[in-house]
Amino acid sequence: MQEIFNNSELRDIAEKVYSGRRLTREDGIRLYRSNDLLTIGRLANYVREQKNGNNAYFIVNRHINHTNICVNRCQLCAFGRDADDPEAYVLSLDEIEAKARSCRNEKISEIHIVGGLHPQLPLDYYLEMLRRVRRALPNVIIQSFTAVEVDYLARLHNMSLEDVLKALMDAGLDSLPGGGAEIFAPRVRKIICSKKISGERWLEVHKAAHRLGMRTNSTMLYGHVETIEERIDHMLALREAQDETGGFLTFIPLAFHPQNTQLEPMKLARTTGYDDLKTYAISRLMLDNFDHIKAFWILIGPKLAQVSLSFGVDDLDGTVVEENIAHDAGADTDQYMPKKRLVEMIKAAGRYPVERDTLYNVLGEGF
Amino acid sequence: MLAANVSAIIEKALNGERLNLEEGAALLSCSDLTLLGQAANIIKNRWHPEKVVSFVIDRNINYTNVCRCRCKFCAFYREESDADAYILPAGELYKKIEETLAVGGTTIMIQGGLHPRLGLDYYLNMLRSIKQRYNIHIHSFSPPEVVYMAETSGLPVEEVLKQLKEAGLDSLPGGGAEILVNRVRRLISPNKIGWEQWMHVMECAHRLGMKSTATMMFGHVETIEERVLHMIRVREQQDKTGGFTAFIPWSYQPKNTQLGGETAGGVEYLKTLAVSRLMLDNVPNIQASWVTQGAKMGQVALSFGANDFGSTMLEENVVRAAGVTNRVPLEEIIRCIKDAGYTPAQRTPHYEIIKYF
């Protein structure tokens, strides 16, 4: 047994983790450069169990993407369309309301609405959307509009971020999803999302939301043109913001799928299983002020998502009834996982399934 | 929480002592995934300190899908009267072999159903005609096929194997093992040979100087103890004849089968792989099954006791019939191996390295 714990090249980092000391940028880079997947996983698992015990969380939610028309047309995206594209669409408020009503019987606790930056949709469309969804689903938490959309509305109407966020909150918005963060480094954004807001602006939107009392999520899109250093810097920027506001609920690493994006001709390879598990584990180790690390099984497959529960992850995004974005990019897992199967998957990993709402309030457990 | 007995069992394995059935079952029931991985990894590094992960470039060729076994877990078999029933014409067989050689392949794995109208001569002629034309390793005919040839020819298994070897057979694949416990076999493959017959074929092949692999298909109706018993039966045979080059566990794939149900999860796969490495102290190689698990899980398997990526499989039909289409081209296999910190190497079916990448 000594052989297992004492021979690792990461022993000094292990000592820091076990004594609760914060890891540095250099520690993060060394972890990424190491191939000792199991030691990294074991350390992340230690932190995961300190913070969340044996719980593995999941949420029953539904996604609505109100439009795929987007002025940004990010190179990384397979979902966005130009307004004159035959596949372009905008859902009317009636259609959105009907979609919201249609999930009344599905016992969802969260509705997740994100879309493109549509130049003709005014703030009123969003406010009315929120009011109608709130009416249709009075007890469901509305987690909607990425920082990119919030910023766009502010610029479109010459309003401050605070005023836009306040108006959205008054109309029913509860929480912001973590999308649009990608990798904060300007060098990377120039290549993968050249028209998108900067990393600083993304953080400003979230901090503004936190100051208004909203809790939000955070993401990192990895596995395209970024370096290991840029991933770690991304995590550190989030850690710093979290020290300031404490408003982030969870961190969600997202594996990049190049198919059908403008980056496809670069022939980028898919992320490997090692890279995915290391990214979960290292984010668990670096983000010592985040409560939760979430894996999105649509992107990495249910098998690896289950394994990730031993590599720092405590939350699986599953039971997604409708999810268009990852699937246009050629993700090859099923779109929908029945709750029963997700619960069995969690139990088979030796974890305790806990159904949560957006704020990690427990809605059911054990099963 | 880590049960004290699990640490003691791992300690025992790391000290080079053999684990028994109860100990193997306790490990499979333990949920400390990375601990099992670390123990298996240490044992793997003792077998393979060179940090190389090998693979064989080959092709699976299925000469017929007509099979009288009709196993409940199988999505590949057909009745003779089915519209898509086939026997592969010789010309197509040669074409497939030439394509394999053209991409640097060394090996073909020929397997097929138990066709009521194919006798021993069909197989002997197939082998001779291949060896006359091509310099290629023939890794073919799992034990159920060999027993079927014995039945239809009226010859003993030893004699059939001797004739197959003389006609050009080089080694045997480890298929048809499923779970080597007859209670399980009666449920999932009632018409297939029992575990004793499966092992008898391997024993005879080994004694004739032919090597073989051993597979295990888990995650259906077997208990954890039966899974470990399977490993122990392979281990006992290996003590006697030493002819198993590798052990290949893979999970049952339920789509389009009579048996149905769900496939085992990623955690179950990695635990079973790690426990195989810890139980089978006399089998040199453990293969990752990217065909059933996908490239990502196949790579992660390299941290859980696997030292070999198996076959590149230019063609694979049986798992595909069960709704799983993991296609991993050679360059992807090489990238996965390098990304995990190993040197990729092409090998022969006898685990001799031909080329490093």
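Guide: Two strands pair if DSSP finds at least two bridges between them. Strands (E, at least two residues) and helices (H or I, at least four) are DSSP runs, numbered from the N terminus. This is a predicted model, in which local features need pLDDT of at least 70 and side-chain atom pairs count only at pLDDT 80 or more, while totals for chains, interfaces and linings use all residues. Residues are numbered from 1 along each chain as its sequence is written, and chains are lettered from A and ligands numbered from 1 in the order in which they are written.

Visitor: Which strands stand at the edges of the open sheet in chain B?

Guide: The open sheet has four strands in parallel pairing, in the order β5-β6-β7-β8 of chain B. An edge strand has a single partner, so one of its sides is left without a neighbour in the sheet. The strands in that position are β5 (171–172) and β8 (285–286) of chain B.

Visitor: What is the bridge partner of Ser171(B) in β6(B)?

Guide: β5(B) pairs with strand β6(B), residues 211–218, through two bridges in the parallel sense. In β6(B), Ser171(B) has as its bridge partner Lys211(B).

Visitor: In chain A, which residue of β3(A) stands opposite His63(A)?

Guide: Strand β2(A), residues 61–64, runs parallel to β3(A), and four bridges join them. Within β3(A), the residue opposite His63(A) is His112(A).

Visitor: And which residue of β4(A) stands opposite Ile111(A)?

Guide: β3(A) is also parallel to strand β4(A), residues 141–144, again with four bridges. Ile111(A) has opposite it, in β4(A), Ile142(A).

Visitor: Which residues of strand β3 point the other way from Glu110(A) and His112(A)?

Guide: In a regular strand the side chains alternate between the two faces of the sheet. In β3(A), residues 110–113, both groups are buried (20 or more other C-beta atoms within 10 Å of the residue's own, placed from the backbone). Pointing away from Glu110(A) and His112(A) are Ile111(A) and Ile113(A).

Visitor: Which element gives the most to the side of chain B that touches chain A?

Guide: The contact (C-beta atoms, placed from the backbone, within 7 Å) takes 27 residues from chain A and 29 residues from chain B. On the chain B side, α1 (4–14), α3 (33–47), α11 (266–279), α12 (290–300) and α14 (330–339) give two or more residues. With seven residues, the element that gives the most is α3(B).

Note on methods
Buried ≥ 20, exposed ≤ 12 C-beta atoms within 10 Å, placed from the backbone. Contact = placed C-beta atoms within 7 Å.
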